[in-house]
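Here is a friendly briefing on a protein model, written for someone who likes to know the cut-offs behind each term. Please have a look at the sequence and structure first.

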Amino acid sequence: MAVKFGASSDPFASRRQLVVFTAAAICAAIGIGLVGGAFLWALEWAQRRLGTGLALARDMGPLGLGALCAAVALLAMAGRALAMATPRASGSGIQDVKAVWLEEEELPGRAVLPARFVGGIAAIGSGLVLGREGPSVHIGATIGAEVGRWFRLGDYERKLLYTTVGGAGLAVAFNAPIGGALFTIEEITRSFRARVVLITLVSTCIAVATSHYLIADEAVFQVARQVTPDPVQLWVFILFGGLTALLGMGYNWLNMALLRFADRTRIPSLAWAAIVGAIVGALLYTDPLYGGGGEAAAQWVIDVPAPALGGLLLLLAVRFVAGPLSYSTRAPGGLFAPTLAVGAVWGVVFHAVAAPLVGGISPATFAVVGMAALFTATVGSPLTGIVLILEMTAATSLTTPMFLAAAAAMFAATLLPGRPIYESLRRRMLQKTPPKAAAWPGRRRTRRTT
């Protein structure tokens, strides 16, 4: 856990310093809204082109399959090449922000911004099973650090800005300002210091409002009004949450196992990205729901009243493997969206298998609750998961089931071996790149056990 800011190390001893820092945070938030909105707009454009390409490939038959696999492979290689040129742009980026907060890494260079932006569009837009939120968080954090440099803030203040405005990137990615703010407080900083909370709240709301000039102001998932489950049925969500913890630990293990394989294999990094891209291209040709970040797959299981169990199990198995496989390319891309899709599909699978237990509860209810429960099991941030899903679905009638499932998932996950995914990714990053950061000015370097 990060060391709490002490009074003797408070960089905002004067009101003027606080005003300057707040002004920098506001400017950073506007930049995050504009750049983050442009990033999402470009991803939407790329996904439309992907849909057109898929239709054309299917019309061409086997030749179209080969062309599609080659195109996805080339784009995956492009994303990986940009990450190789700028190593701090590899993968999610959330673990990088957390490492800077814990004084284990220095601020990244400004090259991370274009590498994340262009590499993310190439990798995510190609159809790889990667999320938009990881690059969005890192783009936001990098903008914060650069704006701090323009304002001639000290090293301490720039690092503080880097970590506190990162949540604004998540807020823009999912149109979820409260969830983005909570993510910064609960997962990144784990600090409720007044100034941390102030900058986080200011930056997230301004960034989201600014982004609406470029992207639509609407919930990520369209969910019909759900009936609040009867109190006597709520126990089933506790069971569901406990089982979801097992799924989450398995998902985290597979992510790390495939990363270790990619690190150790003799297959060159670009070649591995091409192989994974070709596999994902074949999956997309088979069924578009098998690839992509997962928003379409989650929306599908929410909308379909009674999907066939066989098709659900196949979709769950494919996306359970395709997400970690795509992440092992180490191209710019996140884990949130693919995890939420797996959680939604898993929820509907549970509903179908446990039909005698769920009574009149709809499959969509378990899809929504499953997203929050699996997020909690994999990331270890239950409040962020619940609020994020509430904002993404507007399903406020399911707040109590979400809390119960998330609590059960959190409890069970703490009893199981393994760590939250971003903790594991941070440790892996530090093992590959020994920490160089000195203690922030005015802060005493302390030994941490994690």
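The notes below go through the pocket, the cavity, a surface patch and the salt bridges.

This is a predicted model, so local features need pLDDT of at least 70 and side-chain atom pairs count only at pLDDT 80 or more, while totals for chains, interfaces and linings use all residues. Residues are numbered from 1 along each chain as its sequence is written, and side-chain values use heavy atoms, with hydrogens and water left out.

**Largest pocket**

- The largest pocket holds about 620 Å³ of space; a pocket is an open set of points on a 1 Å grid over the protein atoms alone, with protein on both sides within 12 Å along at least five of seven lines.
- Its volume is the space filled by probe spheres set on the points, and grid points are joined across faces, edges and corners.
- The lining has 30 residues, and Glu-44, Gln-47, Arg-132, Val-220 and Glu-295 are those nearest the pocket centre; a lining residue has an atom within 4 Å of a point.
- Two or more lining residues come from each of helix H1 (15–60), helix H7 (166–174) and helix H12 (295–303), with H1 giving the most, 7 residues.
- Helices here are DSSP runs (H or I, at least four residues), numbered from the N terminus.
- Sorted by class, the pocket lining has 17 nonpolar, 9 polar and 4 charged residues; Ala, Val, Leu, Ile, Met, Phe, Trp, Tyr, Cys and Pro count as nonpolar, Asp, Glu, Lys and Arg as charged, and the others, Gly among them, as polar.

**Largest cavity**

- The whole structure has 1 cavity of 30 Å³ or more, where a cavity is a set of grid points at which a 1.4 Å probe fits but cannot get out.
- The largest cavity contains about 50 Å³ of space, and its lining includes Tyr-251, Asn-252, Phe-336, Thr-339 and Phe-375.
- Helix H10 (235–264), helix H14 (336–353) and helix H16 (363–379) each supply at least two residues of that lining.
- The cavity lining divides into 6 nonpolar, 4 polar and no charged residues.

**Surface patch**

- Ile-26, Ile-30, Leu-34, Tyr-213 and Leu-214 make a nonpolar surface patch of about 490 Å².
- Patch residues have over 30% relative accessible area and no salt bridge, with like charges joined within 9 Å and nonpolar side chains (Val, Leu, Ile, Met, Phe, Trp, Tyr) within 5 Å.
- Accessible areas come from the Shrake-Rupley method with a 1.4 Å probe, and for residues only the protein chains shown count as cover.
- Ile-26 is found in helix H1 and counts as partly exposed because its relative accessibility is 32%; buried means under 20% relative accessible area, exposed over 50%, and partly exposed in between (1.4 Å probe, protein chains only).

**Salt bridges**

- A search of the whole structure gives 14 salt bridges, each a side-chain nitrogen of Lys or Arg within 4 Å of a carboxyl oxygen of Asp or Glu.
- Lys-159 pairs with Glu-106, their closest N and O atoms being 2.9 Å apart.
- This pair links distant parts of the chain, 53 residues apart: Lys-159 is in helix H6 (residues 155–164), and Glu-106 is in the loop between helix H3 (94–101) and helix H4 (112–125).
- Lys-159 is buried at 0% relative accessibility, whereas Glu-106 is partly exposed at 29%.
- Lys-159 also forms a salt bridge with Asp-155 (3.5 Å, N to O); both lie in helix H6, 4 residues apart, about one turn of the helix.
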